[in-house]
Amino acid sequence: MQANIEAHKARRALLNERLPAGLVILPTARVKMRSNDTDYAFRFDSDFFYLSGYYEPDSVLVMQLGEQPRSALFCQPKNELREIWEGFLFGPDAAREAFGFDEAYPIGELDAKLIEWIAGQPRLYFPVGLDEKWDRRMFDLVAQVNARARTGQPAPIEFIDVRAAIAEMRLFKDESEVALMREAGRISSEAHIRAMRTARAGQFEYEVEAELLYHFYKSGSRYPAYGSIVASGANATCLHYHENNRRMEQGDLLLIDAGCELQGYAADITRTFPIGGKFSGPQKDIYELVLAAMLASFDKVKPGERRIAYHDASVRTLTQGLVDLGILQGEVDGLIEREAYKQFYMHGTGHWLGLDVHDVGEYKLKGESRLLQPGMALTVEPGLYFRPLLADSPAHYVPVPEQFLHIGVRIEDDLVVTASGHENLTELTPKTVADIEKTMAG
């Protein structure tokens with residue numbers, strides 16, 4: 001990975017401007033064991049990486065906020081013997097130079113330094129409640145400082161969760177972030193096109209997943225941004241389907257929700273297409289209704305619109321379409337008020353996107369849906385899912401017409417709000433019926 005030193009420095013400076021004086025203590029994620037002595041691939045904590053750019057495990061960022069700000073990294077020491085087994089380690093000296101910190105120390109010196117630095121601080125900022133062991137460690141250190149209060153430097157009297165302030169910063173992407181997300185979108189779009197061109201009846205869903213992962217890796221992305229959903233037939237009506245092990249049949253719809261992660265930043269694309277290359281009549285009816293909802297939502301992604309507006313646009317379009325198809329009966333306004341559409345469309349139309357695929361940031365301010373502003377990145381992902389009624393289905397649910405039963409369609413793109421509207425970062429991925437069928441024809 002390549003660190004953008006100036007961008008990370010600027011973020012630390014901005015956090016210093018926004019928060020009152022105090023000490024920030026921000027650890028990265030823990031290494032997690034998969035089985036016995038085998039670990040999962042390490043993925044850094046997003047807040048930690050956003051401010052530091054550093055990506056090795058066993059690391060902590062400490063920032064002094066105030067009139068004389070400074071940053072210190074605590075990381076694994078340089079150890080040539082360990083590197084034989086586990087690979088390169090920066091060590092404190094090289095990390096300080098490579099990532100632009102004021103100071104750097106071996107991770108083993110963290111507690112001793114913190115006892116020294118916590119004393120006399122008015123506030124202590126850390127991710128309160130994120131990790132019970134880390135909370136206990138912080139409180140133990142503060143207790144040790146309190147035990148030395150006779151020195152005239154008491155422990156902090158205020159503990160503040162730093163994540164809210166960082167989340168508000170992360171909500172607004174800078175140009176370097178948008179550039180990475182644009183490239184992640186391009187790679188992911190190409191992977192979806194590859195899937196459209198290679199998926200065949202008789203294959204297992206995981207074979208299509210393998211095509212996606214191959215293109216991610218070959219294009220410079222080392223990881224998917226989340227577990228890929230490759231859902232054929234009735235599986236497409238399960239929102240978070242993850243088994244990916246069904247053998248696909250001619251005429252199935254295949255719903256793929258997949259995106260790569262590039263230098264920490266996520267893409268998130270969903271496309272639905274027919275195995276065999278041609279939509280049936282009912283499949284096309286549902287697909288084009290979902291696409292119409294997406295395009296209606298796109299019109300609401302611009303500065304000054306409330307975030308909920310693009311969800312409302314999808315809901316209205318889908319509800320009207322369900323009435324037109326004879327699936328719902330009644331006036332559209334009344335159906336929306338009663339949330340009748342939720343039998344077939346039960347999720348929101350999008351979420352923030354960035355270092356986390358479901359990225360941080362408040363959706364409401366003072367109880368109201370917040371206004372969209374340039375730099376916000378989000379997904380637009382309407383869908384419709386037709387499952388059979390069950391014995392315990394809510395009484396107001398309606399029977400599903402046979403021709404639509406087991407159809408699941410979702411279409412998702414990644415947008416960033418601009419001064420004049422929005423940029424679609426995943427526009428390359430085919431989404432009209434004609435473009436999908438043309439792509440599948442090769």
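Buried means under 20% relative accessible area, and exposed means over 50%. The structure here is a predicted model.

**Exercise 1. The loop residue Q203**

Find where Q203 lies, decide whether Q203 is buried or exposed, and list what Q203 touches.

*Solution.* 
Step 1: Locate the residue. Q203 sits in the loop between α8 (175–198) and α9 (205–218).
Step 2: Apply the cut-off. The relative accessible area of Q203 is 18%, so Q203 is buried.
Step 3: Look for a polar partner. A polar atom of the Q203 side chain lies 2.9 Å from the backbone nitrogen of R200.
Step 4: List the contacts. Leaving out residues up to four places away in sequence, Q203 touches T198, V208, R246, R247 and M248.

**Exercise 2. Helix α6**

Check the span of helix α6 (residues 132–147), then work out which residues are buried and where they lie around the axis.

*Solution.* 
Step 1: Pick out the buried residues. In α6 they are W134, D135, M138, L141, V142 and V145.
Step 2: Find the cover. The buried residues of α6 are covered by elements including β1 (22–27), β4 (60–65) and α5 (110–118).
Step 3: Inspect the start of α6. A side-chain oxygen of D131 comes within 2.8 Å of the backbone nitrogen of K133.

**Exercise 3. Aromatic pairs**

Classify the ring pairs F88 with F90 and W352 with Y363, and state how accessible each residue is.

*Solution.* 
Step 1: Count. The protein has 19 aromatic pairs.
Step 2: Take F88 and F90. Their ring centres are 5.0 Å apart and their planes stand at 75°, so the pair is edge-to-face. Planes over 60 degrees apart get that label.
Step 3: Check accessibility. F88 is exposed at 53%, whereas F90 is buried at 16%.
Step 4: Take W352 and Y363. Their ring centres are 5.0 Å apart and their planes are at 5°, so this pair is stacked. The cut-off for stacked is under 30 degrees.
Step 5: Check accessibility again. W352 is buried at 0%, and Y363 is partly exposed at 28%.
Step 6: Look for a cluster. Ring pairs join Y54, Y55, F88, F90, F99 and F101 into one.

Conventions: Residues numbered from 1 in each chain as written. Predicted model: local features only at pLDDT ≥ 70, side-chain atom pairs only at ≥ 80, totals over all residues. Heavy atoms only, no water. Helix = DSSP H or I, 4+ residues; strand = E, 2+ residues; numbered from the N terminus. Expected span 1.5 Å × (residues − 1). Buried < 20%, exposed > 50% of the residue type's maximum accessible area, 1.4 Å probe, protein only. Arc of directions from axis to C-beta. Contact = heavy atoms within 4.5 Å. Polar contact = N/O pair within 3.5 Å; in protein donor to acceptor, adjacent residues only side chain to side chain. Phe/Tyr/Trp six-rings, centres within 6.5 Å; stacked < 30°, edge-to-face > 60°.
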